[in-house]
Each structure stands twice: as C-alpha cells, then as structure tokens.
Amino acid sequence: MRNLSLASTNLLKIEDVDEFETVVGTTFDVDNDVVIAVSETPSDTETSFQVWRISSNAPQKLLARTTCPTWGKSLTFSSAQLVSATFLPETRTICIISAGGDIATGMIDDEASVSELEIVGSVESGIECAQWSPDHDVLALVAGDGNILLMTKDYEIIYEAPLRTTEKGEDQSVNVGWGSKETQFHGSLGKGAAAASSEQTAAAARGGSSPDDDGRARVSWRGDGAFFVVSSLDPHAVPPQTPEPYTHSRRVLRVYDRSGSLQNTSEPVPGLEQGLAWKPSGSVIVSSQRFGFPGGGQGLPSRHDAVFFERNGLRHGEFGLREYWVTKPDTKRQWSYRVKEFAWNSDSTILAVWVERDDGDAVQLWTTGNWHWYLKQEIPAPSPEDGSTPRFTALAWHPEQPLRIITTSPGTSHGLFSYTMLGPDYIPIAHVDDYCFMWDTCTSSRGPPEDTGTVAVVDGAALLMTPFRLQVRPPPESSYKIVRPPPRIDPPIHVSQAPNADAMICLFPNARVELWWLQTAKSVPRTPNDPDIAEPSLIWKGEIPGDLVARQALLWNSDDASEEWFIALLGIPEGGKHDVVSVTTWRAGEITEDYEVTMASIGHGRIFFLEGCKLAWEGTDGEVARVDFENELATPLVTLPEY
C-alpha cells in the first residue's frame, strides 16, 4: 500500500560543451558519492569521448578524454557511439567501450589535469553491447561479427565463440508432455487441446521480430555474477514458410555462466523486443513483447507486455504496459511509442521502463505486490530550450542507493538560448538529472470520529481508495477508484490528504495540482460494492504559478465546510539549492500566491503538519523548523539525530 514519492531532485547541467556534444552515459564513484558522466562528439570517421565529474557540491570538471573510430558498415544499428562506461573502484579507473570496437581505460584523478585514456584493446568488427559483471572481474561483450567474448579485468580474452548457435545449452529443459492434455485420454476435448497446442507452438516458431526492434544485441548480468544473458536478433531463426510480409528473424535469449558455457536458450516468443534486464535478486529476466502484427504475438495491436523469463529460458508471467497510441501511416513506425530499455534498481523492488514516445521520452517506475504491477512514477524528459522533442540519452540506477536514479538528456541542438545586445547567444549545455525517491503511505489523519482510515494507493492514472474504517479491501482491490481520463497515464508525484477535511491533493509535474472532495460515507454501506461508499468530486485542477520545481504538496482549509483552501508546495526554484515552501490560497475558483519561505539549509527536506494545521519542515541533517508563512520565516524547533 506504499507509494513512491519524490524525495529530492538535482537538475544538473554540463555547460560549455561542444555544439554537437551529447552526454550518453553515466557511472558512479560510490566512495566519493560522485556521478561520472561521459559525453561524445561523433563525426564520420572518429568519435571523441569526454569524461566529466558531476556533483551538486562541487563545480563540474573535465577529467579525461579519448578518441575512437566511429562504427562502420559491419554494424547495422544506429545509436550512440558509447556502448558502455563503467567506473572500476578497485583500480579507480574508468573503462569506456565504443561501438567502433575500442576499449579505453585510464585513472580518474580530481587533482590532476585532463588525462588521455589509453586504448587497451580493439575489436575489428565493432562492439554491439558490453557489460561488466557486478564484481567487475569479467567483461562480457558481443562483437559486430556475431561472436561473444569474455575478458578478465586485465582485458585478456578467456572465451570467444559464435553467439548464434543451434545448441540449446547444458541445462536446457526437456518437456516430454506428461500430465498435459495432449498425453491424456479426454475424448474430443483431448484431441482439441492437442491440436490447439500444436497450432500455438507452430505459430510461435513462425513468429518474427517487432517492427520497433533496433536490431542491437543486449547483455545483462545476474546480481551475484554467476550468470549473464544475451538477447540477440537471430536472422535465420525462422525459415520463410509463409507469404505474410514480415521479417523472418526473432529475438532469442541465451543464458551463459561466467566461464562462457551456454546453459539455456529461451523458448520461441513472437514479437519479443530488444529491452533486457536481469533482476538482481536472480529470479527473472525481463523483456517486452508486441502483439497484433504479422509475426507478433496473438492479440490486439494495443497489447504490449513486459514479459518475464526464468533462468532456464521458460516464460514466467507478464504485465501489460498502459500506453495509449495512434496508428502510424508508415510501416517503419506502426505505433506512436516504443519501449527502449529496462533497468532494475539494486534491491529488485523497482523496474524502470524507458518509453520513447513521438511527443517525448519518459521513464516509468513500476513496483509489484500481491501479483499486481503498479505504475508508481513517471519521469518526463526535460523540454529542450529550442523546442525540439524531449529525449533521454541514458538512465542508470545507483548501485548502492536503491531509490536513486540518474537520467541524461541533451540541452538543445545549439545549447541554452539567451539574448544579448549583439543578438542570440548560445551556450551549449547537457542535462544530468539526479532523482531520489522515498516510500510513502497516503493515509487520512483526521481525529476520531471523523477519521475514515482512507488509504490512497497510486497505480498509474488511477488512485485506489479504501476507507478501512468502513471496509477492508486488500490491494490491488479497493473500495473505489479515482481515474484520470486518457490519454493521461502519468501518476502523481505526491498525494496527501487534508488533516481537517475529507479532501485530497494530487501533485503533478510543472506544479499542476488536483483538489478532490472525497465525501466518504459516515457509516458502513449496505453491501461491499455500494456506490455510496464515497462520492468523490473534483474541486479544482490547475497550475500553481511560479518557478518552483515542486515535489510535495499539502492541503488544508479553515474549517470543514469552507470554500477556501490552502495549498502548500515544497520544492527548489529553477537554478536554486535551498528548499522553498510556498503557500497558495484557492478561493471561489481563483488562486493567489500568498507567502513564500526559504529554508536556511540546502534542500531535500520534507514538510508535515504540527497540531492545528501548523506547517513544519525537516531537513536531511535532522533540523526541524516551524514554517511561519504569515511572517515568511522559518523558526528552528529541534535537531534530531537522523533524518
């Protein structure tokens, strides 16, 4: 019943980069709590890479650079030249792997001048994908000629073999069919089941790849480093046995141990796509599957699933992605979005889904409970200053802080726009955005006997509402739902209930808010599904003016029957570092920004209610202060030992 709320946001920028330079990857120096970003500037023949130190507590710094060949005709995909960027803490070096085939490494030293990375190895056919094992002892990569290679931390090759093989693996399961309806005597029912099963198996074998597949291989390690999985597009997996116009190739997952021995091969899955991530706990491997096109899964074109595999290559469940789409007239892009990548956080509780839409990218954060998947948060790509389509270039979870995620995106094609006496002036920039989340439970807090015990659970565009004083409905069940109409599917950043009224506030990006009057029943309804359990109605929705990047919202009024509501937002102004609490009054359909209080400490705190709807703020250093918005000041109350 927990929600995922935004705890802090660091919107960082790399300034004075080259005109066509783009940040395309990040890695972490955990010991020093530093984000290391890698940018690239490609040309027709070579690509230059720059390594930057990014921190909210220190200025940005260029640490190292190198130049590698740009990938050639041997690779058929089109994407960033950076394949992998990993900081190796044991030697304090960074390893950069380029699509052109070079592996560059070098020491990272904040005190030294900009260093040149050393090329320690090259693959002539190029490199499609690469990833270090979690213990940084083994490097697995797929070359452009279709070979899989394993290297030691000293970059010595310990295994090389063709990736695409007819072998199934040492631990491949064999299904003899015992216990299935095909092997039992059930009269006409058994014959029908056998025929249906044979038809489904044949259809899966004929299945092809998704039109949205980028054709590039992927590799992902299990959390303990004992196994890794490779997803590749096998061009000869399905012979042309039908005149239907679809490509006769499909995605295949192959599981290897860390010595390079093939263990298992996945069962045929029509419409399987390129996204791949092995859950760190080791239970499942996630990818995505398209339906409703020739060669895809059997289903409606609107169906799009995140699908799970066990280590033995067999399917193990799925859940539906909730994207609204429109039909595209061209065959290259049949839908108005595609799933680009998956990423698990370090404790396996959150699955990040990178969705590339026609109108902009978003990263969705999903959690699961009681065999139900909840869409808890959606991070939109920042809008470029030149008005181009918002896009991400990379995302990465922190290896030790499970609720912290980093995204990168280009600033503009020409940089940050400003105007001078001489005309337009362009300052090239790139975005590195650092998000920290926290688990939060949205419960009513009114005193008895008015308290209804209502709990609000965020699930995409829906809020699952249950007044536990009247009913007990365990999630994912609920007494009623508050559903936002399509095409909006983004969940709120924060949800809270008023302490002195049966009301609720939902906060969305760009300081958009919705005020809801819940009108929960005062007694137990006649039946469990009685529609009179509550009659929620929208009081008002709109955008709070100002430049505050809000992450938390509270709501209260002067009395339970009042038409005057107070909205408190907590956030950091654009370009600022300190938390700011703004209090806005909504009265008779109009809003006025009444008060604004700046906290003394650097941001990332939380606001809460004291007795009598008095506002208070707690910082990460344990400082607690009362927010006196009428006098626009913060009065320190106490300092706690921990946040």
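How many bridges join β23 to strand β24, and do they run parallel or antiparallel? I counted 7 bridges between β23 and β24 (residues 351–357), and the two run antiparallel. Strands here are DSSP runs (E, at least two residues), numbered from the N terminus, and two strands pair if DSSP finds at least two bridges between them.

Before going on, I noted that this is a predicted model, where local features need pLDDT of at least 70, side-chain atom pairs count only at pLDDT 80 or more, and totals for chains, interfaces and linings use all residues. Residues are numbered from 1 along each chain as its sequence is written, and side-chain values use heavy atoms, with hydrogens and water left out.

Entry on the hairpin. I looked up V339 and found V355 as its bridge partner in β24. The hairpin of β23 and β24 has 6 residues between the strands, and S348 in the turn has a positive phi of about 65 degrees. In β23 (residues 337–344), 6 of the 8 residues are buried (under 20% relative accessible area, with a 1.4 Å probe and protein chains only; exposed is over 50%, partly exposed in between).

Entry on T22. I placed T22 in strand β2 (residues 22–29). T22 counts as partly exposed because its relative accessibility is 22%. The C-alpha atoms of T22 and T408 are separated by 9.1 Å, although the two are 386 residues apart along the chain.

Entry on E574. I found E574 in the loop between β41 (564–573) and β42 (578–587). At 62% relative accessibility, E574 counts as exposed.

Notes. Helices (H or I, at least four residues) and strands (E, at least two) are DSSP runs, numbered from the N terminus.
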